[in-house]
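Let's take a walk through this protein together, one spot at a time.

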Amino acid sequence: MSDTRIGVVGCAGRMGLALAREIAGSGDCIYSGGAERPGHGDLGADIGTLAGLGASGHLVGGDAGAIFEMSDVVIDFTAPQATNGHAAIAQATGTALVTGTTGLEPQHLKALEQAGGAAAVVWAANMSLGINLLAALTRRAAKVLGEDFDIEILEMHHRHKLDAPSGTALALGEAAAKGRGRRLDDIAVRGRDGWTGERRTGDIGFAVLRGGNVAGEHSVIFAAEDERIELTHRAGDRSIFARGAVRAAKWAAKAEPGFYGMSDVLGLNL
Ligand code: NAD
């Protein structure tokens, strides 16, 4: 079977370059080309050199449409407005699209869903295989254990992170709430300080730590009388997101048109 041709938009960004390294190290896919936004300072530069791999002959291009034409699947880690444009190109060309762009508003998600009518489209706010497995296990555990087990979610990130709790911690909270058939907004406790009163049965608590250069740690704790279960994921660096995106790309290249998440890619309907 021939190798999967993977194109990258936002190819000179941090994730774009991590993807170039991941694809180069993968045995069954090839880097078909990369594009950046108009006016980007690296237009025309060699992508392999930028990624620290040595000259590759792939130059940073400015035409995203051409990248979709020459690829089986395109990976996008850019910005919401750019992802919107890439969704329209996927819809027009039928080329599969994998996107990890975060901060998407409902109208951006709608554009991705629409593109799913003509091409396989995968979107996930966290592409790490481990985090997606953790979310599936959390949902399952929350369902099995019931409300005798209090659920607390603990996350730690580097000192530069601006938002709290992390989007991933909230997604784990959503998974836990779903397992219990509840809406997270109704039961989330996002911070405790001072005279809080007793914990309410069924609440899902969040606790946040910040410091150093921690790439991302998440624990989901199920605590009952005399026993406690803790599920933990620790991220080393951003290559884990690139690895997940490449896995999604290989899956999407063969999938029917549709709008998918990582649980589809990984078969995680536990
Ligand atoms: P970055 O700023 O380093 O890279 C983004 C790149 O996209 C830049 O090079 C930018 O020039 C480019 N870009 C913007 N508009 C474009 C356009 N119209 N066409 C082509 N390229 C365009 O950021 P990053 O750290 O690589 O993250 C990018 C996005 O991915 C963010 O939304 C981030 O939150 C998200 N992210 C998601 C995951 C995940 O697992 N889903 C992991 C890491 C980052």
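Before we start, one term: a residue counts as buried when its relative accessible area is under 20%. Keep in mind, too, that what you're looking at is a predicted model.

Let's begin with one serine. S219 sits in strand β10, which runs over residues 217–224. Is S219 buried or exposed? Its relative accessible area comes to 12%, so S219 is buried. And what does S219 touch? Leaving aside residues up to four places away in sequence, the list is E152, I153, L154, L231 and T232. With T232 there's also a polar contact: the two side chains are joined at 2.7 Å.

Now move on to helix α1, residues 14–24. Eight of its 11 residues are buried, so the helix is largely enclosed by the rest of the structure. If you'd like to find them, look for M15, G16, L17, A18, L19, A20, E22 and I23. As for what does the covering, strands β1 (4–9), β2 (29–35) and β4 (73–76) are part of it, and so are helices α2 (47–50) and α9 (239–254).

Finally, some empty space. Rolling a probe the size of a water molecule over the atoms shows where such space is left. The second largest pocket here has a volume of about 240 Å³. Its lining is made up of 15 residues, and nearest the centre lie G10, E36, R37, T78 and A82. What classes of residue make up that lining? Seven are nonpolar, six are polar and two are charged.

How values were computed. Residues numbered from 1 in each chain as written. Predicted model: local features only at pLDDT ≥ 70, side-chain atom pairs only at ≥ 80, totals over all residues. Heavy atoms only, no water. 1 Å grid on protein atoms, 1.4 Å probe; cavity = no way out; pocket = protein on both sides within 12 Å on 5 of 7 lines; lining within 4 Å. Points joined across faces, edges and corners; volume = space filled by probe spheres on them. Nonpolar A, V, L, I, M, F, W, Y, C, P; charged D, E, K, R; others polar. Helix = DSSP H or I, 4+ residues; strand = E, 2+ residues; numbered from the N terminus. Buried < 20%, exposed > 50% of the residue type's maximum accessible area, 1.4 Å probe, protein only. Polar contact = N/O pair within 3.5 Å; in protein donor to acceptor, adjacent residues only side chain to side chain. Contact = heavy atoms within 4.5 Å.
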